[in-house]
Amino acid sequence: MDLPAIDIAMAVAGLSVGALLFWPRLARARLWRATITPLASIIGSGFLILGPILTDNFGTWAILAMAVLCLAGYLFGAAIRYNIERIDEPDADTALAGALERASSWALAFAYVISVAYYLNLFGAFAARIFGAPSEWLGRLITTGAYGLILTAGLTRGFSLLERMEQLTVSIKLVVIAALVAALAVHAQIEWDGHHLHTSGMKLGLAGSIQLMFGLIVTVQGFETSRYLGGHYSASEREASMRLSQWIATLIYLAYVVLLAVSFESGTFELDDTAIIDLMRQVSPVLGPLLILAALSAQFSAAVADTNGSGGLVAELTRQKAGMKPTYLALVGAGLALTWLADVFQIVSYASRAFALYYAIQSALAALRAWYGGDPAGRFIRCFGFGFLTLLGIAAALFGTAVES
């Protein structure tokens, strides 16, 4: 294999993206600063596990599956963007709208609890790879230690220090992703020249495939963070930042999955939570350590952000009756239970179903606002579309299944 060409492509792509991210004109651009938060969430930990999962279960059809997941995320994002646009306008049924807002906030706080478990269990799994082959017990012990660190920080108000890591970790993650996609592109070109590109079929039937995709919604989740940046950005800026983050993430995800699906066949590798490391070592030995670095930085910062988000939401919803510290204790307790009673793929499914419930409630709220206060000309179409998304979110919350490793 032409490793020098792959390594050169990785270096050029990584350095170029790094230079772009630190370009003062971009770094200071208001829209980009609003975009980086949802973008970092969307292409966070999901990027590391989604490619192998789709390739193993869908084969070459993983390309279509990825496009459908991105489309679903964009449509749910449309409902949330509509709510951002209308949030300051009076609703004809304010009691019901207020109840839906509170319900969606509780659903999001609950989803955050599971997503922290998801992030930290991936953190533990990737950290364990530093010591060699995958070790489920070692990964869980590392995850438990990470929970202890986050709980200590939360109880002693140490989150401010941990949060300052976010900008650095986001940059590391984007640079590694650029290097990964560039390496895969050169690898696919080499395979094309040697007539070695692969096609493979699906493992699952139609119903099983839909249920599995329901269980993977969390891997394209994160765009909703734009909705909660109202203290810093206007409604139009938040809507634009969400669209831009989803467009960029879609391009990255599709390029990644297209290249992975034609480079590896379904069923030819062992699927586990760190399978991407073993796959990428076949492309370049440099990629394994880079992916571990990206995983550790991304997972930990995301866990800190969601822990803080959950604590803030619960405190707000209970009007400060439930303080941040008791919420952190409850979150860590629930997370440790998930860590020791479920595997990473099960936690991914639980998180997906929790976020699907949140998206369903947001879609129902958008349908209500469209019906009572929207443009009469497009009222029926909007209500029908948001109503369909509500049913889709409910179906995902009820029927999403976990990956079988």
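The model is predicted, so local features need pLDDT of at least 70 and side-chain atom pairs count only at pLDDT 80 or more, while totals for chains, interfaces and linings use all residues. Residues are numbered from 1 along each chain as its sequence is written, and side-chain values use heavy atoms, with hydrogens and water left out.

## The chain as a whole

What is the count of helices and strands? There are 16 helices and zero strands in the chain. Both come from DSSP runs, numbered from the N terminus: helices are H or I with at least four residues, strands are E with at least two.

The chain has 405 residues, and 54% of them count as buried (under 20% relative accessible area with a 1.4 Å probe, protein chains only; exposed is over 50%, partly exposed in between). Now take the contacts (heavy atoms within 4.5 Å). Among those between residues at least 6 apart in sequence, 84% join residues at least 24 apart.

## Two helix pairs

Two packed helices are described by the angle between their axes and the distance between the axes. Axes here are lines fitted to C-alpha atoms, for helices over the stretch in contact, and angles run from 0 to 180 degrees between N-to-C directions.

Start with helix 7 (residues 136–155) and helix 13 (residues 287–317): they pack at about 45°, axes 11 Å apart. That makes helix 7 oblique to helix 13 (under 35 degrees is roughly parallel, over 145 roughly antiparallel, 65 to 115 roughly perpendicular, and the rest oblique). Helix 7 brings Ala 146, Leu 149 and Ile 150 to the contact, and helix 13 brings Phe 300, Ala 303, Val 304 and Thr 307. By class, that's six nonpolar, one polar and no charged residues (nonpolar: Ala, Val, Leu, Ile, Met, Phe, Trp, Tyr, Cys and Pro; charged: Asp, Glu, Lys and Arg; polar: the others, Gly among them).

Next up, helix 3 (residues 30–42) and helix 11 (residues 235–263) have axes that come within 8 Å and cross at roughly 50°. So helix 3 is oblique to helix 11 too, and the crossing is again right-handed. The residues in contact include Trp 32 and Pro 38 of helix 3, and Glu 237 and Tyr 253 of helix 11. By class, this contact has eleven nonpolar, four polar and two charged residues.

## A serine tucked inside

Is Ser 352 buried or exposed? Its relative accessibility is 0%, so Ser 352 counts as buried. Ser 352 sits in helix 15 (residues 344–373). Leaving out residues up to four places away in sequence, Ser 352 touches Phe 214, Gly 215, Leu 216, Ile 217 and Val 218. Ser 352 and Val 220 are 132 residues apart along the chain, yet their C-alpha atoms are separated by 9.4 Å.

## Aromatic rings

The structure holds eight aromatic pairs (rings of Phe, Tyr and Trp, its six-membered ring, with centres within 6.5 Å; planes under 30 degrees apart are stacked, over 60 edge-to-face, the rest tilted). In one of them, the rings of Phe 76 and Tyr 359 have centres 5.2 Å apart and planes at 20°, so the pair is stacked. Phe 76 is in helix 5 (residues 62–86) and Tyr 359 in helix 15, so this pair links parts of the chain 283 residues apart. Both Phe 76 and Tyr 359 are buried.

Tyr 118 and Tyr 119 are stacked as well, 5.3 Å centre to centre with 25° between the planes, and both are buried. Finally, Phe 76, Phe 223, Phe 355, Tyr 358 and Tyr 359 form one aromatic cluster.

Definitions and conventions
A crossing is left-handed if the near helix is turned anticlockwise from the far one by less than a right angle, and right-handed if clockwise.
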